[in-house]
Amino acid sequence: MSYQVLLYYCYTPLENPEQFRDEHHRLCLELDLRGRIIVAAEGLNGTVSGTVESCAAYMAAVKADPRFDALEFKVDEVAAHTFQKLHVRVKPEIVHSSLRHVRPHEKTGQHLSPEEFKALKDRDDVVVVDVRSDYEYNLGRFKNAVTLDIENFRDFPERVERLKEFKDKKILTYCTGGVKCEKASAFLLEQGFENVYQLHGGIIKYGIEAGGEDFDGQCYVFDNRVAVDVNRVNPTVISRCQHCQAPSNRLINCANPHCNAHLPLCEACGEKLQGACSDACAVHPDKRVYDGTGAYPKLSNHYNPAQGLASYKA
């Protein structure tokens, strides 16, 4: 059986997010989709996995709603579900930020197709800006991209001061799928930057349509795959093992649950430290059993796919 992963978002006003969430949860249940979906008054953001047939039915259902005319799905082929559970939640924003006043559906940076981004990114009058978190860009990023040393996207506004030296240049923002760039580029326009652009569809779409050229390393994704290859033209590895500093794009969570750091650890050091990020974490009394993956998903033996759906009837 063939499966797909769908990555998508759309900034569009939703008058009753709670009602929409219930209806959307029911749709996903009917199609046996799994993943994480965020619903807010400002729109929809999600990553789900399912069979090819279920994903096709889901995309058709979402696109049938005129509120999502502008929504585009990034589709990737996978061998099985990349999520264990389904979560459809209502939140204040579809991506956590400190920019709740920003309305990307009204004003945002100019969208660039992957080919347009590729043609512009190396020009002298352009600066490419990564708006993702540090653990993401440390795993992979565009050559010569400016990174902002942020742990969470909500820190972005505090780092904009670092971009003031580039005010006379074209600012090209990018992120995984595009959702963060919508608010980041809108905020830059609000702060007086005039030539602000964003990579439409993000790194994932760039990999699909432009071969991922000049994206070094891997792209962090928010499902069980953890990271995916993007560059089919001139790939390289830029991340290094936390312990021995050898090139490695193998991401793990530290086996010490009180640390749980998400970082690269090569297979040799993984075995040596039994999944811990350091000698200290390796001898911690609460250290989890290392199975070679460095992943510790929550047990789902009692998972009820209808959980959280108040109006659901078996």
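Residues are numbered from 1 along each chain as its sequence is written, and side-chain values use heavy atoms, with hydrogens and water left out. In this predicted model, local features need pLDDT of at least 70 and side-chain atom pairs count only at pLDDT 80 or more, whereas totals for chains, interfaces and linings use all residues.

The structure contains 0 disulfides, a disulfide being a pair of cysteine sulfur atoms within 2.5 Å. Cys10 takes part in no disulfide, and the nearest cysteine sulfur, that of Cys175, lies 15 Å away. Cys10 is buried, at 5% relative accessibility (buried: under 20% relative accessible area; exposed: over 50%; partly exposed: in between; 1.4 Å probe, protein chains only). Cys277 is also buried, with a relative accessible area of 11%. The sulfur of Cys277 is 3.7 Å from the closest cysteine sulfur, in Cys254, which is too far for a bond.

An open sheet of 5 strands shows parallel pairing in the order 6-11-10-7-9. Helices (H or I, at least four residues) and strands (E, at least two) are DSSP runs, numbered from the N terminus, and two strands pair if DSSP finds at least two bridges between them. Strand 6 (110-112) and strand 9 (146-147) form the edges; each has a single partner strand, so one side of each lacks a neighbour in the sheet. Strand 9 pairs with strand 7 (residues 126-130) in the parallel sense over 2 bridges, and Thr147 in strand 9 stands opposite Asp130. Helix 6 (residues 179-190) packs on the sheet, touching strand 6, strand 10 (170-174) and strand 11 (196-199), where contact means heavy atoms within 4.5 Å. The direction of helix 6 makes about 175 degrees with that of strand 11; axes are lines fitted to C-alpha atoms, for helices over the stretch in contact, and angles run from 0 to 180 degrees between N-to-C directions.
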